[in-house]
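Hello,

Here is the structure I promised to pass on. Please open it and keep it in view while you read my notes below.

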Amino acid sequence: MTTLVLVEHDGQHPEPASQQLLAAALQLGDPVHLLVLGAQGAAVAQAVAGWAGVGQVLLAEHPQWAAPSAETLARQLEALMPGYRTLLASHRALHRGALPRAAARLQAAYLSDVLALPAPDRFVRPLYAGSVLAEVQTHSARRLLTVRPAGFAAASGTQTPCPVVALASVEPDARTQLERRDAASSSRPDLGRARVVVAAGRGVGAREHMGLVEQLADHLGGAVGASRAAVDAGFAPNAIQIGQTGKTVAPDVYLAFGISGAIQHLAGIKDAGVIVAVNKDPDAPIFSVADLGLVGDLFEALPALTAGLPAAPTGAA
Ligand SMILES: Cc1cc2nc3c(=O)[nH]c(=O)nc-3n(C[C@H](O)[C@H](O)[C@H](O)COP(=O)(O)OP(=O)(O)OC[C@H]3O[C@@H](n4cnc5c(N)ncnc54)[C@H](O)[C@@H]3O)c2cc1C
């Protein structure tokens with residue numbers, strides 16, 4: 001009856017999402033253990049051992065965890081899960097590949113994109129791009145969950161560090177291997193964690209006009225996002241698409257320029273704090289979710305906001 005949480009980290013520090021996952025795990029009421037997988041993970045394991053509510057940290061260090069395949073991660077989870085009732089991992093691509101595999105082999109329940117845990121056996125999940133929320137129940141003896149961390153306030157508090165137990169890593173699954181990783185480098189904050197996101201839609205009209213969006217984002221110390229229509233039109237790279245088939249963002253402030261507000265786009269900004277929309281169509285659906293709306297031309301609004309808003313302090317994200 002113990003819960004296991006897969007820790008997100010960068011090799012040195014745990015990601016804030018891990019504390020949100022811990023908060024979700026603690027809601028289940030069972031003892032909580034944390035799992036740290038990394039090429040280097042000792043510093044992370046020591047840090048999370050001091051988080052209040054954690055009973056044990058499992059640490060598996062192996063070069064394969066620098067860029068694991070879903071198949072190898074599934075093997076590791078399958079090996080561990082007999083000792084646990086519930087596994088929580090963030091709802092990201094690697095975990096969405098690994099957890100169903102492990103669940104199938106364990107004959108366990110897999111629940112994806114969990115937003116809330118109203119009871120220990122009940123889970124809230126979005127359907128139809130978030131236009132419907134389903135509360136589902138499982139009686140399965142084992143449950144593997146991908147969770148949207150932004151739905152949970154980060155667990156806080158410290159404790160005398162709990163034990164860190166070294167684990168042997170499973171043999172990597174050789175059937176798939178990562179050959180190359182092409183990651184766009186950017187000096188801007190990560191889209192998924194940025195406190196300010198400035199997003200462009202098809203309304204920006206051309207790739208050259210993205211500069212206006214980027215200038216405002218840089219001025220505010222924020223990240224740049226885009227709608228799928230803007231990505232499909234070649235105005236922005238796929239990596240910054242927000243929405244049902246893109247990234248989920250949870251900034252304090254989300255600014256949308258020339259975005260109509262299709263339901264598939266709104267699915268990605270459900271956890272945003274203040275939503276600001278600029279659109280020349282007063283009937284654009286984005287205004288129904290916006291906290292602040294301006295009916296107007298983005299080509300006037302973007303330079304005016306960049307000139308008029310105070311700049312973020314250097315290093316702010
Ligand atoms: C299965 C599926 C998955 C999808 N996944 C996603 C997803 O992940 N993310 C996503 O974004 N979409 C997704 N879509 C597409 C979605 O349905 C919409 O087509 C898309 O979001 C529209 O993008 P847009 O608002 O930029 O473009 P449009 O709908 O074309 O809107 C452009 C807006 O710009 C405004 N505008 C034009 N010129 C100006 C100007 N000068 N100043 C101010 N405003 C201006 C217009 O009034 C209009 O409202 C998905 C669709 C499907 C079917």
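Which residue in strand 10 is the bridge partner of Val-57? It is Val-164. Keep in mind that this is a predicted model.

That pair belongs to a larger set. Strand 3 and strand 10 (residues 164–166) run parallel and share three bridges. Strand 3 (residues 54–61) also pairs with strand 2 (residues 32–38). Those two run parallel as well, and seven bridges join them. Now follow the chain from strand 2 to strand 3. The path goes through helix 2 (residues 42–49). This β-α-β crossover is right-handed.

Next, the domains. The assignment for the protein chain gives domain 1 as 3–166 and domain 2 as 196–308. Their centres, taken over C-alpha atoms, are 31 Å apart. Six residues of domain 1 are in contact with nine residues of domain 2. On the domain 1 side, two of the touching residues are nonpolar, three are polar and one is charged.

The order is 12-11-13-14-15, and the pairing is parallel. Strand 12 (223–226) and strand 15 (292–295) are at the edges. Each has a single partner strand, so one side of each has no neighbour in the sheet. From one strand to the next, the twist averages 15°.

Look at one pairing within that sheet. Strand 11 (residues 196–200) and strand 13 (residues 253–257) are parallel, with five bridges between them. Val-198 has Leu-255 in strand 13 as its bridge partner. A helix covers this area too. Helix 5 (residues 210–220) lies across strand 11, strand 12 and strand 13. Helix 5 runs at about 175° to strand 11.

Last, the ligand. There are 28 residues around the ligand. Which of them come nearest? They are Gly-201, Gly-203, Arg-228, Ala-229 and Gly-243. By class, the shell has nine nonpolar, 14 polar and five charged residues.

Helix 6 gives the largest share, three residues.

Best wishes

Technical notes
Residues numbered from 1 in each chain as written. Predicted model: local features only at pLDDT ≥ 70, side-chain atom pairs only at ≥ 80, totals over all residues. Near = placed C-beta within 6 Å. Helix = DSSP H or I, 4+ residues; strand = E, 2+ residues; numbered from the N terminus. Nonpolar A, V, L, I, M, F, W, Y, C, P; charged D, E, K, R; others polar. Pairing = 2+ DSSP bridges. Axes fitted to C-alpha atoms, helices over the stretch in contact; angles between N-to-C directions. Contact = placed C-beta atoms within 7 Å. Right-handed = clockwise from strand over helix to strand, strands pointing away. Domains from an automatic or database assignment.
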